Amino acid sequence: MHIEAFYDYCLSLPGVSEDFPFGEQTLVFKVMGKMFALTDIEGFESINLKCEPVRALELRASYEEVKPGYHMNKKHWNTLSTTGALGDELLFELIKHSYDLVVAKLPRKDREALSP
């Protein structure tokens, strides 16, 4: 996956904004102010995504490119290699999964604001 595809896909999701809260090298995507994806923009070798805990363990067991979230809560976050065998289709699916997990925890009013 190229950083442009990652960037464009994240911003295409409703209510998403970008931020650099950890310095000018770490790009963070948020939905309604809640983080769901981040990456190092200089190397773009991996992305951190939120994941349902059981699925996170399954992905780690199935793909060597999926590791516990680097500098994140290991139960809820995965670090995925963008340079390995994971295809773009799976990466897009996991980005959407991360986004959906965060949206599901938002107050009802915020969730409704995201609906068309």
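Leu49, Lys50, Cys51, Leu59, Asn78, Leu80, Leu94 and His97 line the largest cavity of this structure, which is a predicted model. Two or more of these lining residues come from each of β4 (46-50), β6 (77-81) and α3. By class, the lining has five nonpolar, two polar and one charged residues. The volume of this largest cavity is about 30 Å³, and the structure holds one cavity of 30 Å³ or more.

Let us turn to the sheet. Six strands make up an open sheet, paired antiparallel in the order β1-β2-β3-β4-β6-β5. Its edges are β1 (16-19) and β5 (66-68), each of which pairs on one side only. On average, neighbouring strands are turned by 25° against each other, direction ignored.

Now for the helices. Helix α1 (residues 3-12) also packs against helix α3 (residues 88-105), at an angle of about 35° and with the axes 11 Å apart. The crossing of α1 past α3 is right-handed. Here are the residues that meet:

| Helix | Residues in the contact |
|---|---|
| α1 | Ala5, Phe6, Tyr9 and Cys10 |
| α3 | Phe92, Ile95 and Lys96 |

By class, this contact of α1 with α3 has six nonpolar residues, no polar ones and one charged residue.

Conventions: Residues are numbered from 1 along each chain as its sequence is written. This is a predicted model: local features need pLDDT of at least 70, side-chain atom pairs count only at pLDDT 80 or more; totals for chains, interfaces and linings use all residues. Side-chain values use heavy atoms; hydrogens and water are left out. Axes are lines fitted to C-alpha atoms, for helices over the stretch in contact, and angles run from 0 to 180 degrees between N-to-C directions. Helices (H or I, at least four residues) and strands (E, at least two) are DSSP runs, numbered from the N terminus. A crossing is left-handed if the near helix is turned anticlockwise from the far one by less than a right angle, and right-handed if clockwise. Contact means heavy atoms within 4.5 Å. Ala, Val, Leu, Ile, Met, Phe, Trp, Tyr, Cys and Pro count as nonpolar, Asp, Glu, Lys and Arg as charged, and the others, Gly among them, as polar. On a 1 Å grid over the protein atoms alone, a cavity is a set of points where a 1.4 Å probe fits but cannot get out, and a pocket is an open set with protein on both sides within 12 Å along at least five of seven lines; lining residues have an atom within 4 Å of a point. Grid points are joined across faces, edges and corners, and a volume is the space filled by probe spheres set on the points. Two strands pair if DSSP finds at least two bridges between them.
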